[in-house]
Amino acid sequence: MKRTRTTAEQDHAPDPVDARLGARLAELRATRGWSLGELAERSGVSRSTLSRAERAEISPTAALLNRLCHVYGRTMSQLLSEVEAEHAPLVRAADQTVWEDRAAGFVRRSVSPPHDGLRGELVEGRLAAGADIAYDRPPVSGLEQHIWVLEGALEVTAQDVRHHLDAGDCLRLRVWGPTRFRCAGPADTRYVLAVVRP
């Protein structure tokens with residue numbers, strides 16, 4: 001589980017999850033034989049940002065990871081699961097990977113990460129009041145998503161249609177284009193996202 005680091009730790013050492021994630025991103029690029037410039041052209045992310053993410057000098061945002069997942073043809077959960085040591089059929093609460101996009105006010109817990117032979121995964125999302133996250137493309141075209149709001153209110157925009165979800169509501173869709181998740185109430189929003197790869 002990701003913990004909050006002290007200021008001294010932040011100044012001297014990258015977060016362990018960010019370090020493993022950066023190394024995996026560098027490995028994915030290297031296996032394809034791409035330079036940072038080529039990846040920048042394919043993803044629309046600047047070379048300097050890509051370089052800093054690979055060296056774990058920055059903690060990548062959800063939007064940045066989404067762009068890279070699209071280029072590499074995997075879901076965000078797949079990418080995050082690849083930086084974990086091992087896959088187990090039973091995922092204890094204490095072992096569920098937590099990733100934060102602090103700038104956007106988004107916390108993502110991988111409740112049931114991708115596993116060999118399984119097409120689905122479960123993610124718990126938390127959006128702070130006022131948080132608004134836009135993804136310019138799905139990580140995998142045609143990705144099936146079920147979004148179940150547990151607390152608060154969530155606004156999801158997909159295929160230019162805006163859906164307002166209150167606690168208990170569930171939105172089911174396939175994702176082909178841009179999507180947007182916005183905390184639609186005065187309090188934080190907590191939801192479950194079930195993802196099924198095509």
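Strand β4 (132-135) is joined to strand β9 (residues 179-183) by four bridges, and the two run antiparallel. Helices (H or I, at least four residues) and strands (E, at least two) are DSSP runs, numbered from the N terminus. This is a predicted model, where local features need pLDDT of at least 70 and side-chain atom pairs count only at pLDDT 80 or more, while totals for chains, interfaces and linings use all residues. Residues are numbered from 1 along each chain as its sequence is written, and side-chain values use heavy atoms, with hydrogens and water left out.

**The sheet**
- β4 belongs to an open, antiparallel sheet of four strands in the order β4-β9-β6-β7; two strands pair if DSSP finds at least two bridges between them.
- β4 and β7 (161-166) each have a single partner strand, so one side of each lacks a neighbour in the sheet.

**Salt bridges**
- The whole structure holds 18 salt bridges (a side-chain nitrogen of Lys or Arg within 4 Å of a carboxyl oxygen of Asp or Glu).
- D132 also forms a salt bridge with R180, with the closest N and O atoms 2.4 Å apart.
- Because D132 lies in β4 and R180 in β9, this pair ties together parts 48 residues apart in sequence.
- E54 and R29 form another salt bridge, at 2.8 Å between the closest N and O atoms.
- R109, E124, R126, E151 and R190 are linked in a salt-bridge network.

**Burial**
- Both E54 and R29 are buried (under 20% relative accessible area; exposed is over 50%, partly exposed in between, with a 1.4 Å probe and protein chains only).
- D132 is partly exposed at 32% relative accessibility, and R180 is partly exposed at 38%.
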